[in-house]
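Student: I would like a close look at one part of this model. Please take it in a single connected answer.

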Amino acid sequence: MLNHPAPNKEPARVVQELAEYENVAEHVKLTQKDLEQNGFTNNPFFHVIIAEVPEQHRTKEGQRKIGFALYFYSYSSFVGRAIYMEDLYVMPEFRGKGVGKALMSKVAQLGLAAGCHQLDFTVLNRNKPSMDFYFSQGCFDVTATIGYHCMRCKGEALKQLAQL
Amino acid sequence: MEYKLRKAEPRDVPDILRLVKELAKYEEMEHQVTLTEKELLEDGFGDTPFYHCIITEIQGEKSSEDPKVVGFAMYYFTYDPWVGKQLYLEEFYVMDEYRGLGIGSGILRHLSNLAMKTRCTGMMFVVAENNEPSVQFYKRRGAEDLSQEEGWRLFRFDKDSLVKMAAPSEE
């Protein structure tokens, strides 16, 4: 199995699959073009690592790219450089083979090489298989231990804030 | 009292670290701040900044006095593959004695404007659930609590776990 950076159209398909897994497909508004512009120009807003299987293991539809991790660099006012993993996904028929672990390991390596001190990400509380997997890899639940809640201001609320 | 909101410059780094530590103390986590002035300088004002910072300074009572930095916000741009660019507010703090003067609202207004100008679809941040004043401050302004409403939990690998995970597997 190969892990490599992703200069092509696969991310949109796997992002849609991940959204369906989380039952929120109607919230996915990005188009192929947005992803290409924002991820693959000179100053990308995100990076993607893709897991690809050899020819003989491809899916019935002929797909060889069977998982991905999308991440970007962030910053902690406490410890400095950090890395944020926004998405981690492996197609169902390729789970349980260490692909997720390998993708995360790659993100960790890249983060450490860039001088990062921590790796953050979010998980849905109803996604028990994922939570179990992450705990087994050595992370902790910041929301449960420190009580941090993720907040967002968008749409009308953002417009109002800009006009106060 | 006049205050001025401006982009932080390299000379502001000592004040930025001072305010980071004050906020950490307010959250009872000051022992967790390991960031140094040197790192803040390299990471914020080098070729590829990891963060951006705006500060609020007030003019001293005498015109001969240096202005004093009394508030700041540290932010960077993130990415939500469902809806696009987000502005992530990492730190936002106004010194105790300068609260209630509209400095905080001014900072948020500036950042919201910036978010819209740079085509971000949202502004994101975390708040400690026991920080009631802050939670109410944000909810009053229309922020959604994604942890409560959608069940998102923030997970973290610290440095040691990160090193273990990055190690090549035995297979």
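Student: Which residues of chain B does UniProt place in the feature "domain: N-acetyltransferase", and how does chain B meet chain A?

Tutor: The model is predicted. An unreviewed UniProt entry places the feature "domain: N-acetyltransferase" at residues 3-160 of chain B. Over that stretch the chain is 34% helix and 32% strand, and its end C-alpha atoms lie 43 Å apart.

As for the interface, 70 residues of chain B are in contact with 72 residues of chain A. The two chains bury about 7,000 Å² between them, with carbon and sulfur atoms giving 61% of that area. On the chain B side, the residues that lose the most area to chain A are Y79(B), W82(B) and F155(B), which together account for 14% of what that side buries.

Polar and charged interactions also cross the interface. There are 32 residue pairs in polar contact between chain B and chain A, both residues being at pLDDT 80 or more. The side of chain B that touches chain A draws its largest share, seven residues, from strand 5 (residues 122-128) of chain B. By residue class, that side divides into 37 nonpolar, 14 polar and 19 charged. Five salt bridges are counted between the chains. E144(B) forms a salt bridge with K154(A), where the closest N and O atoms are 3.5 Å apart.

Strand pairing also links the chains: strand 6 (residues 140-141) of chain A and strand 7 (residues 152-157) of chain B run antiparallel and are joined by two bridges. Within strand 7 of chain B, F155(B) is the bridge partner of D141(A). F155(B) is also one of the three residues named above for area lost to chain A.

Note on methods:
Residues are numbered from 1 along each chain as its sequence is written. Chains are lettered from A and ligands numbered from 1 in the order in which they are written. This is a predicted model: local features need pLDDT of at least 70, side-chain atom pairs count only at pLDDT 80 or more; totals for chains, interfaces and linings use all residues. Side-chain values use heavy atoms; hydrogens and water are left out. UniProt positions are given in the numbering used here, feature names are shortened, and annotations may be inferred rather than shown by experiment. Helices (H or I, at least four residues) and strands (E, at least two) are DSSP runs, numbered from the N terminus. Contact means heavy atoms within 4.5 Å. Buried area is the accessible area (1.4 Å probe) that two parts lose on being put together, summed over both. A salt bridge is a side-chain nitrogen of Lys or Arg within 4 Å of a carboxyl oxygen of Asp or Glu. A polar contact is a pair of N or O atoms within 3.5 Å; within protein, one must be able to donate a hydrogen and the other to accept it, and residues adjacent in sequence count only if both atoms are side-chain atoms. Ala, Val, Leu, Ile, Met, Phe, Trp, Tyr, Cys and Pro count as nonpolar, Asp, Glu, Lys and Arg as charged, and the others, Gly among them, as polar. Two strands pair if DSSP finds at least two bridges between them.
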